[in-house]
Amino acid sequence: MMETSWFPEFLTAIERSGFGEWVRLTPHLYPILMSLHVVGIALLVGPAIAVDLRLLGVARNVVPVTVVTRYLLPISHVGFAIVALTGLTMFSGVALTVGMSSAAPWKLGLIILAGLNIVTFHGGIYRTVREWDLAAPTPIRAKTAAVVSASTWTGVVFAGRFLAY
């Protein structure tokens, strides 16, 4: 049988680090971080879902895909930065509890899947966006990317909530 005690020990070391203790022991810091995390989620997921809806055909004859992505994806990037920063900071204070949660691999796996979907979309079908930017039917690969995006980010939010309970 493989020895896995290194992982809980590693998580405990993160928690007991000076940074982890600062996060855990500073009055009101954790709820402030959690609140900023929720704002970051809104900034990440809201615009991403709006882009996904456009890819699925909402406002197809009114708003070009390139306009939607140009204005909304930078907001998602800011949201992702906020979520990553606050999430890692909060994690450092409660690493053992969160890291050993059954929801943790789901959340991490879905984040990885969402990232792969983004890379695949922008490196693939999005390169031909000028052909289907406005009024033309969205290619099935773009619609598939939209469904995967909306599903994975929704799953990340759910998994994140399960980390707390």
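The following dialogue goes through a predicted model of a protein chain.

Residues are numbered from 1 along each chain as its sequence is written, and side-chain values use heavy atoms, with hydrogens and water left out. Local features need pLDDT of at least 70, side-chain atom pairs count only at pLDDT 80 or more, and totals for chains, interfaces and linings use all residues.

Student: How many helices and strands does the protein chain have?
Tutor: Helices (H or I, at least four residues) and strands (E, at least two) are DSSP runs, numbered from the N terminus. Along the sequence the pattern reads α-α-α-α-α-α-α-α. The count is 8 helices and 0 strands.

Student: What percentage of the residues of the protein chain count as buried?
Tutor: Buried means under 20% relative accessible area, exposed over 50%, and partly exposed in between (1.4 Å probe, protein chains only). The C-alpha trace spans about 55 × 45 × 25 Å along its principal axes. Of the 165 residues, the buried share is 36%.

Student: Which helix gives the largest share of the nonpolar patch?
Tutor: Patches are made of residues with over 30% relative accessible area and no salt bridge, with like charges joined within 9 Å and nonpolar side chains (Val, Leu, Ile, Met, Phe, Trp, Tyr) within 5 Å. Here Trp6, Phe7, Phe10, Leu96 and Met100 make a nonpolar surface patch of about 500 Å². Trp6 lies in helix α1 and counts as exposed because its relative accessibility is 51%. With 3 residues, the largest share comes from helix α1 (residues 6-16).

Student: At what angle do α1 and helix α2 pack?
Tutor: Contact means heavy atoms within 4.5 Å, and Ile14, Glu15 and Arg16 in α1 meet Gly18, Gly20, Glu21 and Arg24 in α2. By class, that contact has 1 nonpolar, 2 polar and 4 charged residues; Ala, Val, Leu, Ile, Met, Phe, Trp, Tyr, Cys and Pro count as nonpolar, Asp, Glu, Lys and Arg as charged, and the others, Gly among them, as polar. Axes are lines fitted to C-alpha atoms, for helices over the stretch in contact, and angles run from 0 to 180 degrees between N-to-C directions. The axes of α1 and α2 (residues 18-25) are 4 Å apart, at an angle of about 65°.

Student: Which residues does Thr86 contact, leaving aside its neighbours within four places in sequence?
Tutor: Thr86 is in helix α4 (residues 65-93). Thr86 is buried because its relative accessible area is 5%. Beyond those neighbours, its contacts are Leu33, Leu36 and His37.

Student: Is Thr120 buried or exposed?
Tutor: Thr120 is found in helix α6 (residues 104-123). Its relative accessibility is 56%, so Thr120 counts as exposed.

Student: Which side chains meet in a salt bridge?
Tutor: Side chains of opposite charge can pair when their charged atoms come close. A salt bridge is a side-chain nitrogen of Lys or Arg within 4 Å of a carboxyl oxygen of Asp or Glu, and the structure holds 1. At an N to O distance of 3.8 Å, the pair is Arg130 and Asp133.

Methods. Areas by Shrake-Rupley, 256 points an atom, 1.4 Å probe, with all protein chains shown as cover.
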